[in-house]
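These are my notes from going through one model, written down in the order I looked things up.

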Amino acid sequence: MVTITFHGGVNEIGGNKILIEDKTKIFLDFGKNFAKEKMYFEEPFIKAREEAHLLELGILPCMKGLYEKDEGCCDLGAVFISHPHTDHYDSIRFLKDHFPIYCGETAMNIILAREFAGQSIGEGYTIAKMTQKNGKEIMKDFKPFRTGDIVRDFSPIEVTPVHVDHSIPGAYGFIVETSGGTIAYSGDIRMHGAKKSMSADFIKKAKEAEPDVLIIEGTHIDSSKIESEDEVKEKVGKVISQTTGLVLAGFAGGDIDRLRTFYDVVKSQGKRLALSMKQAFMVHMLKDDPKLNLFKLNDPSICIFKKKKKQTREYEKIIESNYGNNIIDAQDVNRLQKEIVMVASLYDMTEMTEIRPVTGSVYILSSSEPFDEEMEISFDKLLNWLAHYGIPLYQAHASGHATPHELKKAIEEIKPKKVFPIHTNRPELFQRFIADIGINIELPEEGKLYKF
Ligand SMILES: [Zn+2]
């Protein structure tokens with residue numbers, strides 16, 4: 001008998017953790033559950049950083065021997081991560097280090113870049129870290145795969161990763177063969193993005209597998225904006241060309257397509273794109289990835305903004321030693337502001353006291369508002385800062401998620417026997433909108449065992 005259990009991602013966006021049990025066991029994704037954590041925690045006053053607290057509240061699935069501070073054993077084979085958004089992988093930090101973590105190579109590098117540049121969450125629970133003494137340390141047992149690989153290490157379960165297009169590179173769907181039948185899992189997917197052919201590849205492979213079950217995301221089943229990356233490029237280009245002052249831009253750190261869009265526009269207008277140190281470090285970690293073919297950090301159209309800080313972190317030292325000539329500070333931005341497009345989030349607003357944006361400056365928000373898969377942007381606080389400096393806000397964003405019609409078409413094409421919609425706040429709407437194609441749409445319940 002084979003079972004599927006959903007621990008997270010049910011009636012909510014993110015936190016996906018799908019347990020598949022055959023003679024062996026695997027998880028598909030093991031994401032941080034922002035929605036549930038927000039019910040009980042508020043950083044920095046009360047932090048979701050202990051497995052005991054998260055288990056008590058049902059935020060982490062209760063399985064003996066799974067977690068770092070649990071002395072028992074567990075026969076979990078592996079965790080397969082669909083893509084490097086925190087709501088799909090971040091809770092692996094609570095797992096015992098020996099469980100293998102399968103993900104794409106680019107995904108692994110993005111996760112590592114974040115961990116090396118991020119703050120440790122405290123005692124244990126580390127995915128990777130960088131210290132002056134030991135350099136780069138990776139605690140988890142990453143097993144990177146590529147499209148075309150089939151993972152047969154957990155027989156009778158076989159997992160075939162197939163690339164998909166999403167708002168972060170290194171995104172995959174999975175086709176999982178078990179002794180009881182076939183499961184296809186979309187991860188997060190869009191069909192209107194710059195690399196839509198990758199999503200088409202997944203749909204084709206999933207169709208060929210004739211799956212018994214399709215687990216598919218429905219983030220935007222209830223509302224969707226129709227905008228492509230090309231349209232974002234055009235709109236951003238127009239705003240920048242009309243601006244006589246400093247251009248500030250905010251978008252998700254891992255959204256490499258958006259980063260490339262801004263780079264292209266800025267370069268074509270003879271300006272320079274100022275990246276944050278963290279963004280620069282991610283580009284540095286991805287610099288040899290042939291699939292991404294990213295710009296170089298010593299490119300004349302790029303500079304790296306360094307905040308005034310007391311301490312320089314290890315990752316910042318790497319950037320300083322490799323690209324020192326391309327680093328600028330607040331005084332440089334103040335002087336050169338008409339030539340610069342600076343990537344800046346709410347957390348960079350204190351720098352404005354020294355940058356002093358001139359009249360005619362603008363802010364371009366290029367991520368979903370107010371919810372971003374990585375964090376909740378304090379939108380009101382950002383607007384207050386901008387109002388203080390007389391800076392209007394423009395929005396230009398193409399989503400990482402499929403539109404309602406794209407989802408319907410994909411399901412019709414794949415033709416599974418049964419569909420479980422997850423990663424959506426509105427599964428009932430999903431069920432009604434898709435009802436006319438004659439495929440059984442079952443709304444999953446958290447923690448329930450589904451046999452097949
Ligand atoms: Zn995602």
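I started at Asn11, which is partly exposed, with a relative accessible area of 47%. Asn11 lies in the loop between strand 1 and strand 2. I looked up its phi and found a value near 60°, which is positive although the residue is not glycine. I note that the model is predicted. Glu210 was next on my list: its phi is near 45°, again a positive value in a residue other than glycine. I placed Glu210 in the loop between helix 5 (196-208) and strand 13 (213-217). Glu210 counts as exposed because its relative accessible area is 61%. I flagged such values because most residues other than glycine have a negative phi, and most peptide bonds are trans.

I then checked omega. The bond joining Glu43 and Pro44 is cis, with omega about -5°. Pro44 belongs to the loop between helix 1 (34-40) and helix 2 (51-56). I also logged the bond from Ser155 to Pro156 as cis, with omega near 10°. Pro156 sits in the loop between strand 9 and strand 10 (157-163).

Strand 1 (residues 3-6) runs antiparallel to strand 2, and four bridges join them. Thr3 is placed opposite Glu21 of strand 2. Strand 2 also pairs with strand 3 (residues 25-28), antiparallel and over four bridges. Here Ile18 has Leu28 as its bridge partner in strand 3. Strands 2 and 3 make a hairpin, with three residues between them. Which way do the side chains of strand 2 point? I found Ile18 and Ile20 on one side and Leu19 and Glu21 on the other, and all of them are buried.

I traced an open sheet of seven strands in the order 9-10-11-12-13-21-22, with mixed pairing. Strand 9 (151-154) and strand 22 (440-441) are its edges, each pairing on one side only. At the strand 22 end, strand 21 (residues 418-422) pairs with strand 22 in the parallel sense over two bridges. I recorded Asn440 in strand 22 as the bridge partner of Lys418.

I looked up helix 4 (residues 105-117), which has 13 residues and spans 18 Å from first to last C-alpha, close to the 18 Å expected. Is the helix mostly buried or exposed? Eleven of the 13 residues are buried, so helix 4 is largely enclosed by the rest of the structure.

I found His401 in the loop between strand 20 (393-395) and helix 13 (404-414). His401 is buried, with a relative accessible area of 5%. Its side chain makes a polar contact with the side chain of Glu217, at 2.8 Å.

I counted 15 aromatic pairs in the structure. Ring pairs connect Phe80, Tyr102, Phe145, Phe154, Tyr172, Phe174 and Tyr185 into a cluster. I also listed charges over rings. The charged end of Lys408 is over the ring of Phe433, 4.4 Å from its centre. Lys32 lies over the face of Phe34, 5.6 Å from the ring centre.

Notes:
Residues are numbered from 1 along each chain as its sequence is written. This is a predicted model: local features need pLDDT of at least 70, side-chain atom pairs count only at pLDDT 80 or more; totals for chains, interfaces and linings use all residues. Side-chain values use heavy atoms; hydrogens and water are left out. Buried means under 20% relative accessible area, exposed over 50%, partly exposed in between (1.4 Å probe, protein chains only). A polar contact is a pair of N or O atoms within 3.5 Å; within protein, one must be able to donate a hydrogen and the other to accept it, and residues adjacent in sequence count only if both atoms are side-chain atoms. Rings of Phe, Tyr and Trp (its six-membered ring) pair if their centres lie within 6.5 Å; planes under 30 degrees apart count as stacked, over 60 as edge-to-face and the rest as tilted. A charge sits over a ring if NZ of Lys or CZ of Arg is within 6 Å of the ring centre and within 35 degrees of the ring normal. The expected span of a helix is 1.5 Å times one less than its number of residues. Two strands pair if DSSP finds at least two bridges between them.
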